[in-house]
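The sequence and model are shown first.

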Amino acid sequence: MGSNELQEKDATGALGHDLSNGSSSNLEAARRLAKRLYHLDRFKRSDVAKHLGKNNEFSKLVAEEYLKFFDFTGMTLDYSLRSFFKAFSLIGETQERERVLIHFSSRYYQCNPNTISSQDGVHCLTCAMMLLNTDLHGHNIGKKMTCQEFVANLQGMNDGKDFPRGLLKALYNSIKNEKLEWAVDEEEKKKSHSDGTDEKDNGSQTKAVSRIGNSNNPFLDIPHDPNAAVYKTGFLARKIHADMDGKKTPRGKRGWKTFYAVLKGTVLYLQKDEYKPEKALSEEDLKNAVSVHHALASKATDYEKKPNVLKLKTADWRVLLFQAQSQEEMQTWINKINCVAAVFSAPPFPAAIGSQKKFSRPLLPATTTKLSQDEQLKSHEAKLKQISTELAEHRSYPPDKKLKGKEVDDYKLKDHYLEFEKNRYEIYVGLLKEGVKELLSGGENDAPGLKKSHSSPSLNQESPVSAKVKRNVSERKDYRPETPSIKQKVT
């Protein structure tokens, strides 16, 4: 591995000099490296992505030359992606993997210019397949996306038009019938097998984690680490207020249910019984679990039927209400959830489409950020500045009063999104500046952020106290008349 890194360093150093001098030798060097990567000449499959996904001119040249070894002419998009993944392991930073897929999309469009209308369209469908793969074959949290939802989520995403319905159905069925996987080095296979054997001897919980995990997920795999930090536990009553994309939850599914909640890693598990580290997670526990990456918790000021209620809005814009047993407990849950989200949420993916007229939310990866806390703060600050500017520009050009229907709805949706994101990043930035380690550790003697299986102050196992108050008429605030964007299904 060390020799590979040395080879890359020597190559990139010399080639950077070539690039700056405008020499054509950089292209030849990129071709040589691409050929070696393709034939795995002194490189492993796990080495390939990092050479293709770096954000510099030489890496782009290498990627372009590497993709020339693949001829996707006449092949369907899903089959082409599977063929591409057979050659290497798509691992590394989120941004690096995103760049690799952009190169793939470009090559597929070159080979099939008449199949999909633009390279942006190809990239959009590629990202959609990755997300669908996670949803159907991933961590099994929440209900699975249907073909109808998949088609609806891609409405208007083909340069402002719809993709052919038959194409979307074919892609959906392909991913449903066979999950996307990439190649793995033989050493990794042996190591994985060895780890799996060890896990069987480590107790039932570890087995459950290995069963529900998905190491082949390209982007949105939620890490189910049995040793993940437990930041807070306690009883909460839950009410599902809005389903994915803010759609109103049907009657009959909005009732309050009491759970023992465990905020472990970036997942809020809702269990029927009190948390025990050695106990395996049941299918019901996984179904009720909620990922808190890119989420925002706040006091439910617009809900007046019960006291001590917090509102949690997730990355896929579901809205859940949770009632704690006291005002103090409610605030602690809010702080812990927002701290976890602020610290561990990875930067959003770049927009897949640049020319579309219809607004759609960006993709929010569930993977944990690789940035340091200082870098994370800078990333959030940059995003806050960008969102604030977009919101100001958006509001300076309101729709014509004569317009009705979709255009007005689209304007309102984008305004709602930008306002929410501005608020979210303001809170994230504030928490990181305050110092979240102390908030996550909760002042315990444990090392900051490393609490494991440590229960919060004991609570009686009773349903939170209800209060009879007038019927709430403002809770409709989170129901939004929107057309769903690409689904960011993570919970």
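A charge sits over a ring if NZ of Lys or CZ of Arg is within 6 Å of the ring centre and within 35 degrees of the ring normal. The model is predicted, so local features need pLDDT of at least 70 and side-chain atom pairs count only at pLDDT 80 or more, while totals for chains, interfaces and linings use all residues. Residues are numbered from 1 along each chain as its sequence is written, and side-chain values use heavy atoms, with hydrogens and water left out.

| Charged residue | Ring | Distance from ring centre |
|---|---|---|
| Lys 313 | Trp 317 | 4.0 Å |
| Arg 424 | Tyr 425 | 4.5 Å |

Rings of Phe, Tyr and Trp (its six-membered ring) pair if their centres lie within 6.5 Å; planes under 30 degrees apart count as stacked, over 60 as edge-to-face and the rest as tilted. By this rule there are 22 aromatic pairs. One of them joins Phe 72 and Phe 104 edge-to-face, at 5.3 Å centre to centre with 65° between the planes. This pair links distant parts of the chain, 32 residues apart: Phe 72 lies in the loop between H4 and helix H5 (77–85), and Phe 104 in helix H6 (residues 94–111). Helices are DSSP runs of H or I, at least four residues, numbered from the N terminus.

Lys 54 is in the loop between helix H3 (45–52) and helix H4 (57–67). Its relative accessibility is 31%, so Lys 54 counts as partly exposed. Lys 54 and Glu 96 are 42 residues apart in sequence, yet 6.0 Å apart in space, C-alpha to C-alpha.

Note on methods. Helices (H or I, at least four residues) and strands (E, at least two) are DSSP runs, numbered from the N terminus. Buried means under 20% relative accessible area, exposed over 50%, partly exposed in between (1.4 Å probe, protein chains only).
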